[in-house]
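Me: I am new to this protein and would like a friendly tour. Could you show me the structure so that I can ask about it?

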Amino acid sequence: MENTTWVANHTGRSDFDLVGLFSQFKYPALLCVVIFVVFLMALSGNTILILLIHCDVHLHKPMYFFITQLSLMDVMYISVTVPKMLMDQVMGVKHISAPECGMQMFLYLMLGGSEVFLLAAMAYDRYVAICHPLHYPVLMNHRVCLLLASSSWFLGSMDGFVLTPVTMTFPFCRSREIQHFFCEVPAVMKLSCSDTSLYETLMYLCCVLMLLIPVTIISSSYSFILFTIHRMNSAEARKKAFATCSSHMMVVILFYGASIYTYMLPTSYHTPEKDMIVSVFYTILTPVLNPLIYSLRNKDVTRALKKIEGR
């Protein structure tokens with residue numbers, strides 16, 4: 001079998017060993033319980049938020065439509081890595097087959113890329129709502145919302161379809177140990193025995209482009225938003241607009257910060273320990289924080305939640 005196929009390599013093995021997050025800690029059992037609790041919180045929080053927005057007619061607005069898409073991505077995102085990581089720790093196994101590794105890589109790239117573009121769409125939605133409130137129903141109608149959401153999913157899928165096959169076709173003739181708790185592209189690339197410098201440069205440019213476009217949209221949107229908020233006469237209107245936008249900015253900073261570190265900083269800044277800690281932020285912590293940020297800081301969501309509790 002040729003070494004260009006992604007299920008074989010020079011060693012004759014077709015699987016990898018995930019070093020995992022637990023090997024870095026003194027009390028792995030305690031960490032396992034903590035991550036399991038966080039996983040349940042992320043699943044329940046995002047699911048409740050999706051159902052709440054679906055059931056309450058007052059939340060059938062573009063902003064909440066995008067929040068349901070974000071919650072759906074977060075549920076899928078945390079489910080790609082955490083269940084296997086926990087099961088491996090409980091069962092005492094570390095290996096992952098090449099097809100499983102490729103599938104995991106594709107899914108996290110697709111979901112991560114989709115979330116990058118969705119956050120930009122959410123920033124544009126806030127820009128239209130605050131800066132052009134009279135035209136908001138026309139500029140952000142249901143068709144436009146569906147187009148922005150589906151475009152985010154499509155562009156994220158393209159990221160997965162481009163990077164996954166190329167990464168997995170490199171020959172792996174070094175150690176089969178991936179210094180990570182899931183099949184992240186930079187960690188897998190370190191196992192290749194061929195020259196990957198050109199691919200790493202192209203991947204870097206691709207990631208810069210993927211992040212630069214949404215960051216430009218987000219920064220431009222919030223520049224106009226801040227200018228508009230400053231000109232508002234009503235203190236209550238300023239407070240409401242700022243609260244809505246600050247929630248979104250918290251999510252953007254968390255997710256984009258981790259992504260920029262992973263894919264844009266030079267390799268000299270990276271160590272396996274740092275990479276795993278940063279990955280925890282956008283694969284485990286962000287999915288559990290998003291529903292808390294958008295529910296606790298949003299009066300419409302808390303009002304709808306209290307109404308459901310009252311029933």
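Me: Thanks! Which residues does Ser71 touch, not counting residues up to four places away in sequence?
Reply: First, a word on the source: this is a predicted model, where local features need pLDDT of at least 70, side-chain atom pairs count only at pLDDT 80 or more, and totals for chains, interfaces and linings use all residues. Residues are numbered from 1 along each chain as its sequence is written, and side-chain values use heavy atoms, with hydrogens and water left out. Contact means heavy atoms within 4.5 Å. Leaving out residues up to four places away in sequence, Ser71 touches Asn46, Leu49 and Ile50.

Me: Is Ser71 buried or exposed?
Reply: Ser71 sits in helix H2; helices (H or I, at least four residues) and strands (E, at least two) are DSSP runs, numbered from the N terminus. Buried means under 20% relative accessible area, exposed over 50%, and partly exposed in between (1.4 Å probe, protein chains only). Because its relative accessibility is 3%, Ser71 counts as buried.

Me: Which side chain does a polar contact of 3.2 Å join to that of Ser71?
Reply: A polar contact is a pair of N or O atoms within 3.5 Å; within protein, one must be able to donate a hydrogen and the other to accept it, and residues adjacent in sequence count only if both atoms are side-chain atoms. For Ser71, the partner in this 3.2 Å contact is the side chain of Asn46.

Me: Which residue caps the N-terminal end of H5?
Reply: Helix H5 covers residues 142–168. Its buried residues include Cys145, Trp153 and Met168, and among the elements covering them are helix H2 and helix H3. At the N-terminal end of H5, a side-chain oxygen lies 3.0 Å from the backbone nitrogen of Arg143, and the residue providing this cap is Asn141.

Me: How many helices and strands does the protein have?
Reply: From the N terminus on, the elements run β-α-α-β-α-α-α-β-α-α-α-α-α. The C-alpha atoms fill a box of roughly 70 × 45 × 35 Å along the principal axes. The count is 10 helices and 3 strands.

Me: What share of the residues in the protein is buried?
Reply: The protein has 311 residues in total. One of its buried residues is Ser71, at 3% relative accessibility. Across the protein, the buried share is 48%.

Technical notes:
Expected span 1.5 Å × (residues − 1).
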